[in-house]
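Open the model in a viewer and keep the selection panel at hand. The stops below go from one selection to the next.

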Amino acid sequence: MEEKTGFAATLYKGLLTGSLFGACTAIIFCIAGGISQGWSQGMLYCITLLVAGIACGILQQLWFSWEKSLRLVYPTRLVGFGLTYYLILAACAFWGNWLPVYIVGAWVVFTIIYLVILCILSLIIGRSLSKRGIEYKAKLEEYQAKAEDRQD
């Protein structure tokens with residue numbers, strides 16, 4: 001795959017790199033603050049949100065861009081991503097006290113909201129990929145028609 005090197009691609013890579021550095025720095029400072037001054041709810045909340053965000057990016061790359069996962073059909077990758085990310089979110093929610101731990105209804109609502117968001121995003125991405133596939137097919141057919149004309 002050809003790497004993009006234009007101005008917009010460079011800015012995008014810088015944004016991603018800077019975001020990763022910023023998130024990791026925030027995690028380190030929260031941990032250092034927790035160790036030196038004691039843990040606060042805000043620190044735990046901050047760390048778990050950052051971990052959830054970083055994990056989302058890593059899991060997206062593993063399930064949708066890694067060459068070994070690309071051998072799996074898209075629905076399998078989607079379910080794999082959904083399950084693994086849910087486990088990470090649930091762990092972050094537990095350790096970060098996002099939800100009352102012993103209130104089952106809160107966890108049920110959390111799970112339902114997660115599934116609804118996952119379904120909506122999956123539908124949007126699925127439509128986008130389908131549209132792109134149709135565009136690519138049309139371009140391929142156009143290319144093949146031109147190639148046949150050149151052979152004649």
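Buried means under 20% relative accessible area, exposed means over 50%, and partly exposed is in between, with a 1.4 Å probe and protein chains only. This is a predicted model: local features need pLDDT of at least 70, side-chain atom pairs count only at pLDDT 80 or more, and totals for chains, interfaces and linings use all residues. Residues are numbered from 1 along each chain as its sequence is written, and side-chain values use heavy atoms, with hydrogens and water left out.

**Asn97**

Select Asn97, in the loop between α3 (74-95) and α4 (104-151). Helices here are DSSP runs of H or I with at least four residues, numbered from the N terminus. Asn97 counts as partly exposed because its relative accessibility is 38%. Its phi is near 55°, a positive value in a residue other than glycine.

**Helix α1**

Next select residues 7-37, helix α1; at 1.5 Å a residue its 31 residues should span 45 Å, and the end C-alpha atoms are 43 Å apart, which agrees. The expected span is 1.5 Å times one less than the number of residues. Colour Ala9, Ala23, Ile27, Cys30, Gly33 and Gly34, the buried residues of α1. They pack against α2 (41-64). Just after α1, Gly38 has a positive phi of about 95°.

**α1 against α2**

Show both helices: the axes of α1 and α2 come within 9 Å and cross at roughly 150°. That makes α1 roughly antiparallel to α2, a term for angles over 145 degrees. Axes are lines fitted to C-alpha atoms, for helices over the stretch in contact, and angles run from 0 to 180 degrees between N-to-C directions. The crossing of α1 and α2 is left-handed, meaning that the near helix is turned anticlockwise from the far one by less than a right angle, whereas clockwise is right-handed. Residues making the contact (heavy atoms within 4.5 Å) include Leu20 and Cys24 of α1 and Met43 and Ile54 of α2. By class, this contact of α1 with α2 has 13 nonpolar, 2 polar and no charged residues. Ala, Val, Leu, Ile, Met, Phe, Trp, Tyr, Cys and Pro count as nonpolar, Asp, Glu, Lys and Arg as charged, and the others, Gly among them, as polar.

**Leu50**

Select Leu50, in helix α2. Is Leu50 partly exposed or buried? With a relative accessible area of 21%, Leu50 is partly exposed. Leaving aside neighbours within four places in sequence, Leu50 is in contact with Ala23, Ala26 and Ile27.

**α2 against α3**

Now display α2 with α3, whose axes come within 10 Å and cross at roughly 165°. The two helices are therefore roughly antiparallel to each other. α2 passes α3 in a right-handed crossing. Among the contact residues are Trp63 and Phe64 of α2 and Arg77 and Trp95 of α3. The contact of α2 with α3 divides into 16 nonpolar, 6 polar and 1 charged residues.

**α3 against α4**

Last, select α4: its 48 residues should span 70 Å at 1.5 Å a residue, and its end C-alpha atoms are 69 Å apart, which agrees. Ala106, Trp107, Phe110, Tyr114, Leu118 and Ser122 are buried in α4, and the buried residues of α4 pack against α3. The axes of α3 and α4 come within 11 Å and cross at roughly 145°. This crossing of α3 and α4 is right-handed. Phe81 and Tyr85 of α3 and Ile125 and Leu129 of α4 are among the residues that make the contact.

Technical notes:
Angles under 35 degrees count as roughly parallel, over 145 as roughly antiparallel, 65 to 115 as roughly perpendicular and the rest as oblique.
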